[in-house]
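Please read the points below with the coordinates open. They cover confidence, overall layout, the core and a few individual residues.

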Amino acid sequence: MDTVRRARRVLRDLGFSVEVVRGRYMTAEEREAAVHAHGSKQRRFASTRCLTIPARCKAMHPYPFGVNKNPHTPSRRVPSTRWRAAGTSKDQPKRPPLTRQTPPLGVQKIAARLIQRMPWLDRAHSGHLMGLSRGLVACGVTEEWTTQDLMNAVEADHQGLGLLTLPPDSQKNPRALLLHQIKRAITGKEPPARARAAAVEARRAARAAELTQRAADAKTKTSMPSWFRAELAKARQAASGPAASTV
């Protein structure tokens with residue numbers, strides 16, 4: 001009771017509580033009526049108090065005159081507590097519900113392959129496959145990456161920093177740890193698929209240039225004259241004749 005009295009006194013002194021009807025002792029007639037009404041003895045009426053907002057605080061209140069649909073006519077209606085806490089009114093349009101974007105199909109395939117390699121990613125507390133896919137997208141993983149590229153990047157990052165691979169059972173949220181490691185490993189790096197595609201394109205260009213050069217050499221190459229071929233055949237026969245007779 002002492003705490004209640006102190007709280008009432010503080011509210012009264014600050015001007016947030018106003019005594020509308022002061023309590024008093026009941027008359028004999030009022031006591032008899034109270035006994036007939038609720039069957040118990042009552043000697044006094046309690047004071048009636050109302051909460052209010054002091055004049056000095058109206059300037060700081062978000063809705064000193066309540067909320068009204070007509071902005072030109074102030075309203076004395078007090079808004080609900082939820083509206084005052086949110087700082088909004090009924091007149092504001094409703095925002096459409098937030099919709100999560102579906103991750104690309106390639107990223108979903110990467111997440112599925114990661115779960116195949118690490119089944120602990122599919123535990124109940126680790127979330128659904130779609131949640132892992134959204135986490136990969138947030139880390140910067142695109143469809144150009146492959147599962148092996150991600151694992152190689154994480155392994156290279158661990159070796160570069162001298163870190164050891166922690167067992168999943170030792171972590172409260174192993175999926176979050178894996179996403180953190182992937183993000184740190186691939187930040188600022190291009191997918192290896194681009195380098196592989198560039199190497200294939202370079203080999204294709206070199207092969208095309210070689211074929212073009214061969215075709216050009218074949219066009220510029222001249223054939224032997226017929227008389228030169230005849231003389232060359234005679235010379236070969238003359239060179240092989242004595243050797244055959246000697247044998």
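The numbered points go from the whole chain to single residues.

1. Basis. This is a predicted model, in which local features need pLDDT of at least 70 and side-chain atom pairs count only at pLDDT 80 or more, while totals for chains, interfaces and linings use all residues. Residues are numbered from 1 along each chain as its sequence is written, and side-chain values use heavy atoms, with hydrogens and water left out.

2. Confidence. The mean pLDDT (the predictor's confidence in each residue, from 0 to 100) is 78, and 77% of the residues reach 70 or more. Where pLDDT is low, the predicted coordinates should not be read in detail.

3. Layout. The protein has nine helices and four strands. These are DSSP runs numbered from the N terminus: helices are H or I with at least four residues, strands are E with at least two. From the N terminus the order is α-β-β-α-β-β-α-α-α-α-α-α-α.

4. Burial and surface. Of the 247 residues, 19% count as buried. Buried means under 20% relative accessible area, exposed over 50%, and partly exposed in between, with a 1.4 Å probe and protein chains only. The protein exposes about 19,500 Å², of which carbon and sulfur atoms supply 57%; areas come from the Shrake-Rupley method with a 1.4 Å probe, and for residues only the protein chains shown count as cover.

5. Contact range. Contact means heavy atoms within 4.5 Å. Among contacts in the protein with a separation of 6 or more, 62% are between residues 24 or more positions apart.

6. Core. The largest nonpolar core has 21 residues. Such a core is a set of buried Ala, Val, Leu, Ile, Met, Phe, Trp, Tyr and Cys residues joined through side-chain atoms within 4.5 Å. Ile 110, Leu 121, Leu 136, Val 141, Leu 150, Ile 182 and Ile 186 have the most contacts inside this core. H4, H5, H6 and H7 each give two or more residues to this core. Val 141 touches Val 107, Ile 110, Leu 136, Leu 150, Ile 182 and Ile 186, not counting residues up to four places away in sequence.

7. Helix H5. Which residues of H5 (residues 129–139) are buried? They are Leu 132, Ser 133, Gly 135, Leu 136 and Cys 139. These lie on the same side of H5, because they cover an arc of only 160° around the axis, taken from the directions from the helix axis to the C-beta atoms. Their cover includes helix H4 (105–117) and helix H7 (174–186). Just after H5, Gly 140 takes a positive phi of about 100°.

8. Helix H6. His 158 is in H6 (residues 147–161) and is buried at 4% relative accessible area. Beyond its neighbours within four places in sequence, His 158 is in contact with Leu 163, Thr 165, Gln 181 and Arg 184. Met 151, also found in H6, is partly exposed at 25%. Met 151 and Leu 114 are 37 residues apart in sequence and 9.2 Å apart in space, C-alpha to C-alpha.

9. Ser 17 and cysteines. Ser 17, in strand E1 (residues 17–21), is buried at 12% relative accessibility. Its contacts beyond four places in sequence include Arg 49 and Cys 50. Cys 50 is partly exposed at 39%, whereas Cys 139 is buried at 12%. With a disulfide taken as a pair of cysteine sulfur atoms within 2.5 Å, the count is zero.
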